[in-house]
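Have a look at the sequence and the model below before reading on.

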Protein chains: 2
Amino acid sequence: MQKTDVLIIGSSAAGLVAAATAKTSYPQKSVTVLRMKGKTLVPCGIPYAFSTVEKTDNNVIPVEGQFEKLGISLLEDKAVSIDRGKKECRLESGETITYERLVLATGSVPFIPSWLKGADLKNVFTVPKDKAYLDKMQETLKNCRSVVTIGAGFIGVELSDELNKSGLDVTLVEKLPHILGKAFDEKTASKAEEILKNTGVKVMTGAGVKEIKGTGKVEEVLLDNGESIKADAVVLAMGYRPNTGLASDAGLPLNEFGAVKVDEYLRTEDENIFAVGDCAEKKDFVTRKSIGTMLASTACAEARIAGMNLFKLSLVKTFSGTISIFATALGEDAFGVAGLTESRALEEGFDIITGEFEGPDKHPGKLPGMKKQTVKLIVGKEAGIILGGEITGGLSIGELTNALGFIIQNRMDINAVLVSQIGTHPLLTASPAAYPLLKAAEDAAKKKMGLCSC
Amino acid sequence: MQKTDVLIIGSSAAGLVAAATAKTSYPQKSVTVLRMKGKTLVPCGIPYAFSTVEKTDNNVIPVEGQFEKLGISLLEDKAVSIDRGKKECRLESGETITYERLVLATGSVPFIPSWLKGADLKNVFTVPKDKAYLDKMQETLKNCRSVVTIGAGFIGVELSDELNKSGLDVTLVEKLPHILGKAFDEKTASKAEEILKNTGVKVMTGAGVKEIKGTGKVEEVLLDNGESIKADAVVLAMGYRPNTGLASDAGLPLNEFGAVKVDEYLRTEDENIFAVGDCAEKKDFVTRKSIGTMLASTACAEARIAGMNLFKLSLVKTFSGTISIFATALGEDAFGVAGLTESRALEEGFDIITGEFEGPDKHPGKLPGMKKQTVKLIVGKEAGIILGGEITGGLSIGELTNALGFIIQNRMDINAVLVSQIGTHPLLTASPAAYPLLKAAEDAAKKKMGLCSC
């Protein structure tokens with residue numbers, strides 16, 4: 001029988017951040033992380049292991065030395081059940097470990113629809129956060145010439161781009177009208193699609209998959225429209241589902257997405273058990289509804305909050321709901337989003353105006369490497385509060401999206417944005433006189449003014 | 001006798017933004033910009049005209065067509081006096097023009113200390129926002145081999161870097177212990193200095209200039225310590241002074257920096273006259289004292305605010321004081337700052353703690369082009385509010401500094417930052433588990449906690 005004050009189940013980003021925060025917040029408590037065998041991968045870096053950084057060994061979180069230095073115990077084992085009454089966890093090795101507080105950071109698993117025939121053929125892969133699996137997959141792909149990626153969320157898109165760079169003949173199949181169609185409004189999604197096509201990836205949108213065919217090994221992918229695509233391998237990037245067997249076996253309630261229900265302190269129904277990351281319920285910051293978004297950065301925010309609240313709740317350290325903030329890049333072009341998109345805002349019944357602007361991301365525009373930057377803001381019509389936005393441009397828009405994130409999280413309105421100061425520099429940002437984020441706010445303000453004078 | 005509703009004096013960034021905002025906010029009002037002869041330069045782009053974009057013609061704000069489209073009149077003339085009683089302005093051409101509201105955007109002029117002997121020699125230059133002057137200067141420098149830049153503020157540093165790139169033998173002389181020593185704390189300033197030295201620019205710090213010597217034309221620069229530097233040309237980058245002759249002749253009060261006194265709506269003592277940009281008084285966002293900072297981005301914020309308040313004041317559209325936010329770059333390394341630095345905070349008597357973190361700006365760290373990113377936060381000890389920060393790293397820190405700017409302007413405290421969501425992507429940002437901005441907040445929180453438990 002082992003004993004720990006804080007037990008963290010799971011050692012991907014959320015688990016590690018929860019552990020580090022717990023130890024920082026409560027140095028006198030013992031903290032143990034239950035981890036799977038093998039090295040922990042940088043989750044968002046997985047696609048890049050297939051070409052840009054060459055192999056998963058170049059994409060690992062350096063856990064070992066660092067966590068020992070912090071005084072955190074790493075235990076290589078697997079939880080098989082939780083006894084909430086006794087506050088103990090039974091492990092695959094036969095051991096049990098007791099806890100004062102338990103943090104579930106069990107993550108998510110790739111989703112394979114039950115209707116999809118042929119998903120069990122050889123050379124059909126998913127994209128789990130599992131180094132051994134991915135290493136084998138990469139080995140196999142080295143002997144392939146053509147691959148079909150199914151699903152054009154950001155994992156499918158980034159992986160297709162990387163597999164294409166690695167020399168494979170890649171076809172990306174997506175049933176929505178555009179790649180990244182859930183994350184972005186049509187204009188941004190189309191722009192990303194154009195850029196991906198220009199890299200040489202074949203993109204088939206509005207195309208549902210019917211079946212994967214082959215004798216033993218995958219040979220072709222059949223589409224709903226009757227077309228078929230020959231392929232040596234298939235990658236299923238059809239989303240992920242919360243990994244919550246352990247939680248539900250322990251009687252913890254799940255929500256409609258299968259995620260463990262949590263409050264704003266990240267506590268489950270059991271006040272001694274917290275859940276963070278992909279396995280935990282997320283509420284949308286704006287709609288206040290449950291949402292299925294899974295992002296490492298959101299997971300880390302939740303993990304920090306859980307870690308701080310384990311033994312001492314604090315109202316100023318709560319999770320206010322996910323703004324689903326993320327960015328991706330294709331070559332030198334990048335795409336960011338935070339909060340509601342226009343289409344989701346309308347779908348949800350928000351009364352909105354939008355503000356848009358396009359201009360050079362350096363100034364003067366003649367500077368080498370200049371890219372057009374576009375900002376689109378989604379603004380509540382009544383109070384003028386920024387509900388969301390999309391940004392496209394060069395690589396600087398990753399952090400610009402974070403500036404937008406702070407605007408949204410502070411519930412700033414267009415006036416507050418219009419009177420804000422930004423720092424500008426020829427080589428680093430757009431011009432102060434035509435800074436797209438401010439000009440988009442101005443565009444929204446103009447529309448709001450026009451509406452008022454009616 | 002001409003007539004306009006809004007008269008803007010000055011056509012650099014602040015004047016143009018004030019004009020555009022005035023026309024947008026009050027479409028029924030006529031707006032006239034009084035501009036100097038010749039094209040308007042992108043102010044922050046001026047150093048880059050000397051090498052990266054080759055010439056000032058590649059660094060102009062495209063005013064003509066755009067302003068006509070907006071319905072704004074451009075008048076090429078110079079104001080010689082203002083009659084506040086009659087609300088009219090007399091012009092160099094002999095014309096007069098009446099106004100309902102006047103906006104002074106007369107900018108600043110390079111500062112030459114009166115004690116500096118030899119500043120009138122041939123081949124001694126300053127850096128005004130004057131295309132004809134700069135073109136002549138560039139022509140002259142083409143026939144020079146060596147140049148001494150005096151003053152290592154960001155203009156002096158950026159210009160030295162560019163002149164060095166253009167093939168000149170450049171020595172930068174600064175009387176403070178480090179380049180950029182007013183903007184950054186010592187550690188950041190030293191880092192920038194190392195990088196500038198590595199480009200080949202000779203940097204002499206802690207070195208006061210005594211005299212510029214030569215017969216007709218500059219030949220050498222004498223330093224306080226007795227050393228002398230041979231030079232074919234000298235560039236004085238010793239700061240700027242508000243250009244306020246017109247305002248003070250009209251009886252408008254100036255502050256201790258010689259800037260036109262204004263309130264938070266950017267109104268001067270005369271409610272019909274506003275002042276924006278380098279010629280206008282600035283209060284510091286944190287210290288609430290007057291400050292001499294001059295930045296195009298601050299100027300544009302003031303111009304937007306003045307433009308919106310011209311005929312109808314709004315409490316939600318006021319200027320809350322400058323956070324002196326800016327960034328600069330040397331090659332692939334960049335440096336940003338917003339709000340108070342540690343040294344200024346201590347000087348002013350603030351009771352502070354700092355939080356610091358250094359980590360890769362991409363994740364995994366093996367990604368090509370990875371730079372170390374450092375964030376240092378200055379935090380008020382009592383309430384934990386972020387008063388300022390410094391960021392160094394690759395080119396993405398320009399926009400990251402803007403994220404920090406929104407944190408400061410929203411008066412966020414360390415807890416608010418710790419529970420914030422940021423978006424991360426391998427190629428665009430640091431890792432979500434070790435995002436330097438959040439880790440620096442964590443470091444500050446840890447120190448605050450340590451202090452509390454005493």
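Where is the place of Val234(B)? You'll find Val234(B) in strand 17 of chain B; helices (H or I, at least four residues) and strands (E, at least two) are DSSP runs, numbered from the N terminus. Before going further, some ground rules: this is a predicted model, where local features need pLDDT of at least 70, side-chain atom pairs count only at pLDDT 80 or more, and totals for chains, interfaces and linings use all residues. Residues are numbered from 1 along each chain as its sequence is written, while chains are lettered from A and ligands numbered from 1 in the order in which they are written.

Back to our valine. Val234(B) counts as buried because it has 27 C-beta neighbours inside 10 Å. The cut-offs go like this: a residue is buried if 20 or more other C-beta atoms lie within 10 Å of its own, exposed if 12 or fewer, and partly exposed in between, with C-beta atoms placed from the backbone. Leaving out residues up to four places away in sequence, Val234(B) touches several others, including Val124(B), Val147(B), Ile150(B) and Val221(B). Touching, or being in contact, means that the C-beta atoms of two residues, placed from the backbone, lie within 7 Å. Val221(B) is 13 residues away along the chain from Val234(B), and their C-alpha atoms are separated by 8.2 Å.

Which residues of helix 3 of chain B are buried? They are Lys131(B), Leu134(B), Met137(B) and Leu141(B). Seen down the helix axis, these buried residues fall within an arc of 125°, so they line one face of helix 3 of chain B; the arc is that of the directions from the helix axis to the C-beta atoms. Here's a handy rule: an α-helix has 3.6 residues a turn, so residues three or four places apart point the same way. On the face turned away from the buried side, helix 3 of chain B carries the exposed residues Lys136(B) and Glu139(B).

Now zoom out to both chains. A rotation of 180° with 0.0 Å of shift along its axis superposes chain A on chain B, with an RMSD of 0.0 Å. That is the relation of a two-fold axis, and in chain A the C-alpha nearest the axis belongs to Ala403(A), 2.0 Å from it. For this, copies are superposed by least squares on the C-alpha atoms of residues with pLDDT of at least 70 in both.

How many residues of chain A are in contact with chain B? There are 69, and they meet 69 residues of chain B. Helix 9 of chain A gives the most to the side of chain A that touches chain B, with ten residues. That side divides into 36 nonpolar, 27 polar and six charged residues, where Ala, Val, Leu, Ile, Met, Phe, Trp, Tyr, Cys and Pro count as nonpolar, Asp, Glu, Lys and Arg as charged, and the others, Gly among them, as polar. Because 100% of the interface residues of chain A are also interface residues in chain B, the copies meet through the same surface.

Helix 7 of chain A is mostly covered, with 14 of its 14 residues buried.
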